[in-house]
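Visitor: I'm new to this one, and I'd like a close look at a single part. Could you take me through the sheet and whatever sits around it?

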Amino acid sequence: DLTRSLNDLYTIDWAPYSALIKQGDVYAIMVTHEYVKALDSSEPSSLSPQVIGVLRNQMHFQGVIMTDSLTMDSIHNYYSYGQAAAKAIEAGDDILMGATSPNDVAQMIDGIKQAISSGAISEQQIDDAVRRILILKYEMGLLHV
């Protein structure tokens, strides 16, 4: 748990990230499973729309955001792989880390499909994530058009 005040988070913990983002030197960020109590005491950062919102809306980060492994006990003890995947996409993550088998991947995809069907995740969110990933691949020389 991170228990610093919001002001301390901005001036101490997040200051280096904010500076690098402003310089344009950050292409992807991995969000951990820490609880940032000043923003969201109910969800870990990787599943928190409030924490992802700080990156997107306050720091104006438009690159790729990825989770730490969703199969870690800190997540899997509370959510199925499908639930964790859906919550991560809902929160604003673009890449989901941690699936170690085809069955894990299938469970995550099923959770995402259910969330799309229910309206919890929009197709626009998926399109935006894919666009950010493709741009990153292009910028890194991994995708040639």
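Guide: Here is a walk through the sheet, its surroundings and the charged side chains.

A word on the ground rules: this is a predicted model, so local features need pLDDT of at least 70 and side-chain atom pairs count only at pLDDT 80 or more, while totals for chains, interfaces and linings use all residues. Residues are numbered from 1 along each chain as its sequence is written, and side-chain values use heavy atoms, with hydrogens and water left out.

Let's start with the sheet itself. It is an open one of three strands, in the order β1-β2-β3, with parallel pairing. Helices (H or I, at least four residues) and strands (E, at least two) are DSSP runs, numbered from the N terminus, and two strands pair if DSSP finds at least two bridges between them. In general, strands of a sheet pair through backbone hydrogen bonds, either parallel or antiparallel. Here β1 and β3 are the edge strands, each pairing on one side only. On average, neighbouring strands are turned by 25° against each other, direction ignored; the axes behind that angle are lines fitted to C-alpha atoms, for helices over the stretch in contact, and angles run from 0 to 180 degrees between N-to-C directions.

Now zoom in on β1 and β2 (residues 64–69), which run parallel and are joined by four bridges. M30 has M66 as its bridge partner in β2, and A28 has V64. Strand β2 is mostly covered, with five of its six residues buried. Buried means under 20% relative accessible area, exposed means over 50%, and partly exposed is in between (1.4 Å probe, protein chains only).

Next comes the packing. The largest nonpolar core has 15 residues, and V31 and L55 are those with the most contacts inside it. Such a core is a set of buried Ala, Val, Leu, Ile, Met, Phe, Trp, Tyr and Cys residues joined through side-chain atoms within 4.5 Å. Both β1 and α3 supply at least two residues of this core, and α3 gives the largest share, four residues. Not counting residues up to four places away in sequence, V31 touches S45, S46, V51, I52, L55, I65, M66, T67, D68 and D93; contact here means heavy atoms within 4.5 Å. Apart from this core lies another, of 14 residues, among them A86, I89, A115 and I121.

D93 sits in the loop between α5 and β3. D93 is buried yet has no salt bridge, and the nearest side chain of opposite charge, R56, is 7.4 Å away. For the charges, Lys and Arg count as positive and Asp and Glu as negative, while His and the chain ends are not counted. A salt bridge is a side-chain nitrogen of Lys or Arg within 4 Å of a carboxyl oxygen of Asp or Glu. Leaving aside neighbours within four places in sequence, D93 is in contact with V31, S46, I52, I65, M66, T67 and A88.

R56 does have a salt bridge with D94, at 2.8 Å from N to O. This pair links distant parts of the chain, with D94 in the loop between α5 (81–91) and β3 (95–97) and R56 in helix α3, 38 residues apart. D94 and R56 are both buried.

The structure holds six salt bridges. One of them brings together the side chains of D1 and K37, at 3.6 Å from N to O. D1 lies in the segment before α1 (6–13) and K37 in the loop between β1 (28–31) and α3 (49–58), so this pair ties together parts that are 36 residues apart in sequence. D1 counts as exposed, at 62% relative accessibility, whereas K37 is partly exposed at 34%.

Another salt bridge joins D128 and R131, whose closest N and O atoms are 3.9 Å apart. These two are three residues apart in helix α7 (residues 123–139), so about one helical turn separates them. D128 is partly exposed at 23% relative accessibility, and R131 is partly exposed at 42%. Elsewhere, salt bridges that share partners join R56, D94 and R132 into one network.

One last stop is H60, in the loop between α3 and β2. Its phi is near 60°, a positive value in a residue other than glycine. At 57% relative accessibility, H60 counts as exposed.
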